[in-house]
Amino acid sequence: MGSVIAFTGLPGTGKSTLAEALATETGVPAFAGDWLLGALKPHGVPTGLSRPTFLAMYYDLLEALIKRQLMLGQSAIVDGLIDDLVAERWQKTAAEYDARLDVIMCVCTDEVEHRRRLEGRTRGIPGWHEVGWDHVERMRVEFPVLTHEHLTVDALDPVDGNLRLVRKYISRG
């Protein structure tokens, strides 16, 4: 049975770190929304789009990659901020292919440390920008608390421990 493993959370909460570690360990491809946007930006694609159109494009691109993997009988790891509507949509997509959706919510429970981590990182995504704390604050307002079933991991905990929790969560029956 294939699966879709979605790592979600505000920027700077460790979702990319965990998604990439799991992808490296399992060989399952990891798709990150920011990398897709970085590839599109030099071609002017996101420029001038309304926020709803931009978000629809973002989630449709990720879902197309998810569907392709599932069509091949393979799993997919997704790295991006999602809400309940997207989670429900991806759960239905996964079910169409006899797969399931596992959502991992990444948080950082210490705001000072969260901001320090965010402002101290350089992701190096070609064509894409680094985000600042103002972006985190905007996303905190724009994205309501996720109520869809999920595992929560805290960036204050060691990556290895969080990865163990993720492995256990996705391997449950």
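Biologist: In this predicted model, which residue of β4 stands opposite Thr 8?

Modeller: Thr 8 has Met 105 opposite, in strand β4.

Biologist: How do you know that strands β1 and β4 count as paired?

Modeller: Two strands pair if there are at least two bridges between them, and β1 (residues 3-8) and β4 (residues 100-107) are joined in the parallel sense over six bridges, so by that cut-off they count as a pair.

Biologist: What makes β2 and β5 edge strands?

Modeller: The open sheet has five strands in the order β2-β3-β1-β4-β5, with parallel pairing. Because β2 (30-32) and β5 (151-154) each have a single partner strand, one side of each is left without a neighbour in the sheet. From one strand to the next, the twist averages 20 degrees.

Biologist: Why is His 114 called buried?

Modeller: Buried means under 20% relative accessible area, and His 114 has 2% relative accessibility, so the residue counts as buried. His 114 lies in helix α5, and among the residues that His 114 touches, not counting those up to four places away in sequence, are Leu 10, Cys 108 and Trp 133.

Biologist: How do you know that the buried residues of α5 line one face of the helix?

Modeller: In α5 (residues 111-119) the buried residues are Glu 113, His 114 and Leu 118. Seen down the helix axis, these buried residues fall within an arc of 135 degrees, so they line one face. The buried residues of α5 pack against α6 (133-142), whereas Val 112 and Arg 116, on the other side of α5, are exposed.

Methods: Residues are numbered from 1 along each chain as its sequence is written. This is a predicted model: local features need pLDDT of at least 70, side-chain atom pairs count only at pLDDT 80 or more; totals for chains, interfaces and linings use all residues. Side-chain values use heavy atoms; hydrogens and water are left out. Buried means under 20% relative accessible area, exposed over 50%, partly exposed in between (1.4 Å probe, protein chains only). Helices (H or I, at least four residues) and strands (E, at least two) are DSSP runs, numbered from the N terminus. The arc is that of the directions from the helix axis to the C-beta atoms. Contact means heavy atoms within 4.5 Å. Axes are lines fitted to C-alpha atoms, for helices over the stretch in contact, and angles run from 0 to 180 degrees between N-to-C directions.
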